[in-house]
Amino acid sequence: MPRTTARTIGVLLLSVSLWSTVVLVAPVSAQGARERYSPPVEGPIVERFDLPAERWQPGNRGVDYATAPGTPVHAAAGGTVLFAGDVAGSLHVTVAHPDGLRTSYSFLAATSVVTGAEVRAGDQVGMAGDSLHFGVRDGHGNYLDPEDLLGGELSHRPVLVPGTGEGADPLVERRHLLRVVWDAGAGAVGAFGDAVDLVPSVFDASWWLAHTGVDYLRHRLDCTAPGVAVPSVQGRRIAVVVSGLGTASEGNSAFELPTEALGYAPDDVVRFAYTGGRAPDQGHPHRPGDPGLAGIDVRPFDGVDSQQPLVVSADELADLVGEVARREPGVPIDVLAHSQGGVVARLALDRAADGDRLPEQVQNLVTLGSPHQGADLAEAVVGLEATLVGDGILHEAVDAGFMAPLDPRRPAIAQLATSSPVLASVRNEPLPDHVRFTTVGARFDLTVPANRTADGAADRSVIVDPGLSFGAHGALTTDPAALREVSLALAGAAPTCETFADHVADRVAPTVIGGTQRVAGDALAAWAGAGT
């Protein structure tokens with residue numbers, strides 16, 4: 001057995017042994033009454049329980065109800081929401097009940113609860129789509145026939161099982177729910193529709209073209225002609241540059257940003273260090289005690305430092321921006337960030353604004369290739385890591401150095417996933433009026449599809465075409481088209497006008513790229529989950 005896989009299994013066994021000291025006893029009255037369960041929806045069961053002989057085989061680990069889209073789905077009994085969110089592209093809710101059972105409500109159109117919430121019997125947990133999958137498990141993870149439960153034919157007994165208060169990990173629920181997804185046939189064929197959901201039918205195509213046309217006309221009403229020179233920015237400005245995931249202070253794509261060409265004096269460029277303070281700059285030595293920018297503490301950082309929790313990095317950046325403002329009062333500050341750095345910067349300015357400590361000098365936030373909507377690749381890693389098999393594969397890859405310097409065991413990758421609550425907490429939240437927010441994505445970015453770089457709170461979201469290449473993500477910081485959009489944003493000018501064909505390509509290419517990544521990630525996670 002591979003060393004990492006053995007270690008992973010050992011940790012899991014140790015966790016089980018620790019959790020087994022916690023006994024959740026079904027609430028039993030003196031007369032021996034027990035919790036009563038009710039159907040989650042009214043409607044016929046169209047597919048009954050069919051537990052497969054082997055865990056990896058398809059079957060039906062619950063029952064399926066025929067439902068009309070939008071039908072309220074209710075908790076079958078009271079309990080604690082153990083999981084509420086996306087698994088392999090579909091929404092699920094799991095409720096842990098005091099008697100040790102867990103009920104799951106799968107393939108929802110929307111969820112109405114959050115992880116950790118307490119629900120009573122009959123409370124709404126979500127809304128159904130065309131059908132609802134309802135599952136039941138005991139405290140050991142064994143699937144039970146829901147009809148037996150609803151009919152009062154299941155015998156209840158105390159079980160040894162961790163609850164949310166004892167540290168049950170929602171990622172464990174993802175592994176169980178992935179088996180349900182596997183049963184439902186959400187493999188490559190079904191998920192392929194996501195990759196091409198831009199125009200899934202002739203009828204939808206006409207609507208999509210009309211919508212795209214209106215959006216294009218709106219773009220043409222406020223854009224800068226390609227031949228028009230970018231207005232020069234007048235006066236002194238300071239640039240705070242933020243790099244991305246897995247970067248180090250010795251050099252990275254963000255630090256290659258030609259700040260001098262953008263109008264910043266070399267001494268007015270401060271490169272953020274994930275360890276706090278500014279990163280070393282050999283061309284401009286640190287002068288301790290200097291009241292200006294050169295006196296800011298210099299600290300190197302490495303790829304591990306840049307994978308710490310996003311809010312930790314955000315608070316470090318907010319402190320740096322505040323110190324820059326104190327040292328150079330009245331001088332405008334622009335924050336320019338690449339990839340994860342844009343998410344960190346977005347969080348930093350938002351958290352600083354909430355704490356009334358965002359300097360009025362901050363005038364621009366410009367992000368390049370930043371996954372404000374989450375990254376599909378990061379979501380695929382989270383889905384894979386939620387399974388025992390997938391977790392072992394990832395850890396083996398990390399230990400063998402295949403993923404260096406990235407490490408999914410550290411917080412940042414999971415927090416950059418499309419289902420990340422960290423991103424959801426800030427997405428679309430407006431920044432103060434004195435901050436202009438611009439996002440720039442690359443049409444053929446294979447790391448962060450361009451449609452994931454937009455933010456509802458941005459003043460402008462632009463997509464450029466640096467060409468079809470595996471290096472499109474890193475090339476954004478030096479691409480002439482991207483730099484033109486950065487310059488326009490800094491000058492307060494509208495983005496460059498584009499043709500309708502480019503406008504369409506900006507929407508089709510990222511959708512296909514992101515959809516393909518979701519297909520691959522979902523299929524791999526389902527395979528790994530089915531083999532757990």
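Entry 1: I began with Cys 497, which is buried, since its relative accessible area is 13% and buried means under 20%. I keep in mind throughout that this is a predicted model. I then looked for its partner and found that Cys 497 forms a disulfide with Cys 223, the two sulfur atoms lying 1.9 Å apart; the structure holds 1 disulfide. I noted the torsion about the S-S bond of Cys 223 and Cys 497 as about 90 degrees, so this disulfide is right-handed.

**Entry 2: strand β14.** Next I turned to strand β14 (residues 333-338), which I recorded as mostly covered, with 6 of its 6 residues buried. How many bridges join β14 to strand β12 (residues 238-242)? I found 5 bridges, with the two strands running parallel, and I noted that Val 242 stands opposite Ala 337 in β14. Strand β15 (residues 362-368) is also parallel to β14, and 6 bridges join these two; within that pairing, Leu 336 has Val 366 of β15 as its bridge partner. I followed the chain from β14 through helix α7 (residues 340-354) to β15 and recorded this β-α-β crossover as right-handed.

**Entry 3: salt bridges.** I then looked up the charged pairs, for which the count comes to 24 salt bridges, and I wrote down a few of them.

I found Asp 215 and Arg 218 meeting through their side chains in a salt bridge of 3.2 Å, N to O. Both residues lie in helix α5 (residues 202-221), 3 residues apart, which is about one turn of the helix. Arg 218 counts as exposed because its relative accessibility is 51% and the cut-off for exposed is over 50%.

I also noted a salt bridge between Asp 123 and Arg 120, at 3.8 Å, N to O. Here Asp 123 is partly exposed, with a relative accessible area of 22%, whereas Arg 120 is exposed, with 62%.

Where do the partners Asp 319 and Arg 357 lie in the chain? Their closest N and O atoms are 3.3 Å apart in a salt bridge. This pair links distant parts of the chain, since I placed Asp 319 in helix α6 (residues 310-327) and Arg 357 in the loop between α7 and β15, 38 residues apart. I recorded Asp 319 as partly exposed at 43% relative accessibility, and Arg 357 as partly exposed at 38%. Salt bridges that share partners join Asp 319 and Arg 357 with Asp 315 and Arg 351 into one network.

**Entry 4: a nonpolar patch.** Last, I looked at the surface, where Ile 393, Leu 524 and Trp 527 form a nonpolar patch with about 290 Å² of accessible area together. I located Trp 527 in helix α14 (residues 500-530), and I noted that Trp 527 counts as partly exposed, at 45% relative accessibility.

Key: Residues are numbered from 1 along each chain as its sequence is written. This is a predicted model: local features need pLDDT of at least 70, side-chain atom pairs count only at pLDDT 80 or more; totals for chains, interfaces and linings use all residues. Side-chain values use heavy atoms; hydrogens and water are left out. Patches are made of residues with over 30% relative accessible area and no salt bridge: like charges are joined within 9 Å, nonpolar side chains (Val, Leu, Ile, Met, Phe, Trp, Tyr) within 5 Å. Accessible areas come from the Shrake-Rupley method with a 1.4 Å probe; for residues, only the protein chains shown count as cover. A salt bridge is a side-chain nitrogen of Lys or Arg within 4 Å of a carboxyl oxygen of Asp or Glu. Helices (H or I, at least four residues) and strands (E, at least two) are DSSP runs, numbered from the N terminus. Buried means under 20% relative accessible area, exposed over 50%, partly exposed in between (1.4 Å probe, protein chains only). Two strands pair if DSSP finds at least two bridges between them. A crossover is right-handed if, with the strands pointing away from the viewer, the path from the first strand over the helix to the second runs clockwise. A disulfide is a pair of cysteine sulfur atoms within 2.5 Å.
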